[in-house]
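I opened this notebook to record, step by step, what I looked up in one structure. The entries follow the order in which I consulted it.

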Amino acid sequence: MEAEKKAISLLSKLRNELQTDKPIVPLVEKFVDTDVWNQYLEYQQSLLNEGDGKPRWFHSPWLFVECYMYRRIHEAIIQSPPINDFDVFKESKEQNFFESQESIIALCTHLQELVRTIDDLDENQLKNEFFKFLQISLWGNKCDLSLSGGESSSQKMSIINSLEDLKPFILVNDFEHLWSLLSSCKRTREKASVRVDIILDNAGFELVTDLVLADFLLSSKLATEVHFYGKTIPWFVSDTTVHDFNWLVRQVKHCNHKWMSRCGADWERYIEMGRWVYHDHVFWTLPHEYSAMSQVAPDLYAELQKAHLILFKGDLNYRKLTGDRKWEFTIPFHQALNGFHPAPLCSIRTLKAEIQVGLQPGQGEQLSATDPHWLTTGKYGVFQFDGPL
Ligand SMILES: O=P(O)(O)OC[C@H]1O[C@](O)(CO)[C@@H](O)[C@@H]1O
Ligand SMILES: [Mn+2]
């Protein structure tokens with residue numbers, strides 16, 4: 001109880017600093033990333049030459065202060081042993097999973113039925129199924145909890161039946177590039193292994209859509225191994241940690257629905273066999289944009305270079321890919337990536353923040369005229385690809 005009291009008082013101090021636009025203060029508790037964070041803070045400070053020269057909550061880049069807020073929430077917890085590994089968002093992540101049960105059953109059933117006849121599918125049918133699983137994973141990204149302020153945002157309807165209706169809301173669709181990349185790897189069989197890396201976003205329903213996609217990639221032989229990347233600390237409310245990942249696979253396996261539990265058993269086997277590999281890296285919960293990765297986390301960059309394709313899930317990843325800058329809507333994605341190119345990559349993201357690149361001339365303006373909130377509601381999505389150099 002003493003620890004809880006301490007954590008709560010640190011959290012209310014944080015809320016007060018935020019609400020009254022206090023200066024952003026260095027982190028104090030020693031942790032693996034404390035020094036890197038404080039260096040970044042100094043860097044932000046060096047960019048200022050007005051006022052008292054201190055970055056403040058209302059006057060600093062949103063990407064930076066938003067990441068900082070989640071890092072400070074974590075600091076309040078690690079300063080309060082013995083509850084120092086408590087996940088403040090665990091309950092809402094689990095609730096999202098349980099509330100989406102029916103949808104999850106529908107996905108698992110679809111996958112299991114498909115897998116049984118997958119070798120009989122012709123190229124075109126396989127391509128259609130691949131596109132379906134990608135769209136499922138895309139719209140799964142609507143279900144994060146930070147946009148809804150932690151309120152329930154589970155998936156109650158079966159997503160598979162909605163895919164056709166949602167197609168007009170895909171603003172950039174580079175699906176053909178993904179298909180030709182993976183299907184040519186498979187056809188030519190020049191590579192003994194084909195590796196797809198998925199930079200995960202939210203736990204709960206979205207994670208199920210990602211795992212179902214990853215299962216399809218193996219079952220269809222479009223990939224031979226899938227590597228996942230999650231967060232080392234609770235992040236943006238619903239982001240996946242290793243505990244969420246393992247918890248979800250266990251839950252799916254122990255569910256008393258035949259096809260759902262079959263999925264869980266398959267997934268556990270993939271992990272045991274090393275066909276699915278989960279990675280942790282502290283870089284994902286730093287405030288840096290991805291063009292800084294090769295400098296700040298060269299080991300992670302080198303790991304990503306081993307992939308034939310990298311899928312970046314979600315809005316925050318998109319903001320970090322593009323540096324969260326005020327780009328023109330028509331700037332090419334490649335340019336906005338600012339040199340970040342460990343391997344061919346694709347962003348799978350519903351739009352929740354005011355940034356979008358790579359649109360056709362006039363497309364952004366037209367959307368603004370017809371739907372003023374198109375950038376932030378999660379109603380629209382993209383498959384945006386940056387291919388081999
Ligand atoms: O889970 P996602 O798709 O990264 O979405 C998180 C997004 O939600 C917000 O926290 C609020 O809109 C954004 O800052 C962030 O980009
Ligand atoms: Mn998220």
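**Entry 1: the two domains.** I began with the interface, and I found that domain 1 and domain 2 bury about 1,400 Å² between them, with 77% of that area on carbon and sulfur atoms. I note at once that the model is a predicted one. I then looked up the bounds: domain 1 covers residues 2-78 and domain 2 covers residues 90-386. For the contact between them, I recorded 14 residues from domain 1 and 17 residues from domain 2. The centres of the two domains, taken over C-alpha atoms, are 30 Å apart.

**Entry 2: Trp-37.** I located Trp-37 in helix α2, which runs over residues 34-46. Is Trp-37 buried or exposed? I read a relative accessibility of 0%, and because buried means under 20%, Trp-37 counts as buried. Leaving out residues up to four places away in sequence, I listed what Trp-37 touches; among them are Leu-27, Phe-64, Tyr-68, Trp-235 and Pro-287. Thr-285 is also one of the residues touched, and the side chain of Trp-37 reaches the backbone oxygen of Thr-285 at 3.4 Å. I also checked Trp-37 against Asp-119: they are 82 residues apart in sequence and 50 Å apart in space, C-alpha to C-alpha.

**Entry 3: helix α6.** I looked up α6, residues 123-140, and counted 18 residues. The helix reaches 26 Å from its first C-alpha to its last, close to the 26 Å expected at 1.5 Å a residue. I recorded 13 of the 18 residues of α6 as buried, so the helix is mostly covered. At the start of α6, I found a side-chain oxygen of Asp-122 within 3.1 Å of the backbone nitrogen of Asn-124.

**Entry 4: Lys-352.** I found Lys-352 in the loop between β6 (345-350) and α16 (363-370). Lys-352 is buried, with a relative accessible area of 9%. A polar atom of the Lys-352 side chain lies 2.6 Å from the backbone oxygen of Asn-141.

**Entry 5: the manganese ion.** Which residues are the protein donors of the manganese ion (ligand 2)? I noted Asp-201 (OD), Asn-202 (OD1) and Asp-239 (OD), at 2.1 to 2.3 Å from the ion. In sequence, I wrote the spacing of these donor residues as D-N-x36-D. Asn-202 and Asp-239 link distant parts of the chain, 37 residues apart. Asn-202 sits in the loop between β2 (195-199) and α9 (205-219), and Asp-239 in the loop between β3 (225-230) and α10 (242-254). I recorded Asn-202 as buried, at 2% relative accessible area, and Asp-239 as buried, at 2% relative accessibility.

Methods:
Residues are numbered from 1 along each chain as its sequence is written. Chains are lettered from A and ligands numbered from 1 in the order in which they are written. This is a predicted model: local features need pLDDT of at least 70, side-chain atom pairs count only at pLDDT 80 or more; totals for chains, interfaces and linings use all residues. Side-chain values use heavy atoms; hydrogens and water are left out. Donors are N, O and S atoms within 2.8 Å of the metal (3.2 Å for Na, K and Ca); water is not among the atoms, so sites may look incomplete. Helices (H or I, at least four residues) and strands (E, at least two) are DSSP runs, numbered from the N terminus. Buried means under 20% relative accessible area, exposed over 50%, partly exposed in between (1.4 Å probe, protein chains only). A polar contact is a pair of N or O atoms within 3.5 Å; within protein, one must be able to donate a hydrogen and the other to accept it, and residues adjacent in sequence count only if both atoms are side-chain atoms. The expected span of a helix is 1.5 Å times one less than its number of residues. Domain bounds come from an automatic or database domain assignment. Contact means heavy atoms within 4.5 Å. Buried area is the accessible area (1.4 Å probe) that two parts lose on being put together, summed over both.
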